[in-house]
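Trainee: Could we go through this model together? I would like to begin with the open spaces on it.

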Amino acid sequence: MSRAPIELEVDAALRRRFTAPLLKWYDGSGRNLPWRMTDDPYRIWVSEIMLQQTQVATVLPYYHRFLEAFPTIKALASADLETVLKLWQGLGYYARARHLHRAAQTLLSRYAGKMPKSFDAVYALPGIGRSTAGAILTIAHGKRYPILDGNVRRVLCRFFAIEEDPREKSVEAALWHCSEQLMPRRNPSRYLQAIMDLGATVCTPRQPDCPHCPLQKPCAARKQGLTDRLPVKAVSKKVLHFDYFAGVLRVDDFVLIRRRPLQGLLAGLWEFPGARVDSHEKKGAVMAAYEKFFRETLALNVRGSHLFMEIPHAFTHFKMTLHVFSFRLKKRFQTGGPMMWVERESLAAHPFSSAHQKIVLQLCQSPDRPRLFV
DNA sequence: GACTCGTGGAT
DNA sequence: TATCCAAGAGT
């Protein structure tokens, strides 16, 4: 049962009806954001990467710290990945940091440390897709390339009352075309900021503030009473829950940590060694699984460990409960590969995932008085 | 196309 | 409390 392909024809008159009130609204209601106070393509690039799937309020402190540490593309390219990840710690989606770092090195070696001005060259950089390339080209270089981020998608789906699934390929293509057609020839940069601000502050996913929307009159969803149902939501998948364990193995003031592989979840971050509890294990068998893990992987007997913390944590695709055990060994053993002993005071110098960072904080604040997080 | 990849805030 | 989801990209 295929529906007729949606057609979103945008002529000059419609473009004016859309952009004129939007830009006027932006004059009085646009946000003052730090990456709008600069024309440095590097800073605009960093902001665009940080803002992927991440809200402005979350990004702000990271943005300032990051640019203080790496004021230029050259500074970023010259840094260690470890340092870059440390500054990204807690922001999530760590591939963004790796790609940013790698792209900076590419820019330094191939483009004299400058962001190129051709779409294809920018688009080819790691971590930069069509939307981010469009934003960089338009905002930093004054060109005119569309974006289709969550804000634009939501505004367009409502404005045109698109009841089809915007994730469907044909609908997505129509939205890209529409986004491109709506861009004004004059000052497309300001337009881009305006439509993103509208989506972020007025045409929000929940409880949109239609009475203050500059597009409320021509908005098709508004007319048809569809605003709170558009864009149509994806079917939510069932979230699985797993139990994990981790061991805080200590010798005097040293702690054993392990670096995660450079691919996959939390790539390149440090953690306290452990593993997932097999799904077929009984609920009460977590400590047994923990003891078995250290016996089999490191030939260590950690019987007598005590529960140090329990940390609930939600990732995008699953939830976990991290059971953290603590144990004191007599002496350090040789480590190789991804493992190393580190002094407690030095733990915070390394990037940890959010869940494991809670262990770090607990060890640094009151190492001998563990407390349970439930 | 379907999956993967984080986290904190809002409701 | 559970769910949603925020300036997406890579595989």
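Trainee: Which helices each supply at least two residues of the lining of the largest pocket?
Mentor: They are α2, α3 (56–69), α8, α9 and α11. Helices here are DSSP runs (H or I, at least four residues), numbered from the N terminus. This is a predicted model, in which local features need pLDDT of at least 70 and side-chain atom pairs count only at pLDDT 80 or more, while totals for chains, interfaces and linings use all residues. Residues are numbered from 1 along each chain as its sequence is written, and side-chain values use heavy atoms, with hydrogens and water left out.

Trainee: Which helix gives the largest share of that lining?
Mentor: Helix α8 does, with five residues. In total, 32 residues line the largest pocket, and Leu-51, Gln-53, Thr-54, Asp-149 and Asn-151 lie nearest its centre.

Trainee: What counts as a pocket?
Mentor: On a 1 Å grid over the protein atoms alone, a pocket is an open set of points with protein on both sides within 12 Å along at least five of seven lines; a cavity is a set where a 1.4 Å probe fits but cannot get out, and lining residues have an atom within 4 Å of a point.

Trainee: How much space lies in the largest pocket, and what is its lining by class?
Mentor: The space is about 920 Å³, where a volume is the space filled by probe spheres set on the points, and grid points are joined across faces, edges and corners. The lining has 13 nonpolar, 12 polar and seven charged residues. Ala, Val, Leu, Ile, Met, Phe, Trp, Tyr, Cys and Pro count as nonpolar, Asp, Glu, Lys and Arg as charged, and the others, Gly among them, as polar.

Trainee: And the second largest pocket, how much space is there?
Mentor: About 770 Å³. Its lining has 19 residues, and Arg-154, Arg-167, Pro-205, Pro-231 and Lys-233 are the closest to its centre. By class, that lining divides into seven nonpolar, four polar and eight charged residues.

Trainee: Turning to cavities, how many are of 30 Å³ or more?
Mentor: The count is two.

Trainee: Which residues lie nearest the centre of the largest cavity?
Mentor: Arg-158, Cys-203, Cys-213, Leu-215 and Cys-219, out of 15 lining residues. Helix α9 (residues 150–159) gives the most to this lining, with three residues. The lining comprises 10 nonpolar, two polar and three charged residues.

Trainee: What lines the second largest cavity?
Mentor: Its lining consists of Pro-146, Ile-147, Val-152, Ser-179, Met-183, Tyr-191, Leu-192 and Ile-195. Helix α11 (residues 188–201) contributes the most, three residues. Seven of the lining residues are nonpolar, one is polar and none is charged.

Trainee: Back to α2 and α8: at what angle do they pack?
Mentor: Helix α2 (residues 41–50) and helix α8 (residues 130–141) pack at about 145°, with their axes 10 Å apart. Axes are lines fitted to C-alpha atoms, for helices over the stretch in contact, and angles run from 0 to 180 degrees between N-to-C directions.

Trainee: Which residues meet there?
Mentor: Pro-41, Ile-44, Trp-45, Glu-48 and Ile-49 of α2 meet Thr-132, Ala-135, Ile-136, Ile-139, Ala-140 and His-141 of α8, contact meaning heavy atoms within 4.5 Å. The residues of this contact divide into eight nonpolar, two polar and one charged.

Trainee: Finally, how is chain A divided?
Mentor: Into domain 1 (12–229) and domain 2 (240–365), with bounds from an automatic or database domain assignment. Their centres, taken over C-alpha atoms, are separated by 37 Å. Eight residues of domain 1 are in contact with 14 residues of domain 2.

Conventions. Chains lettered and ligands numbered in written order.
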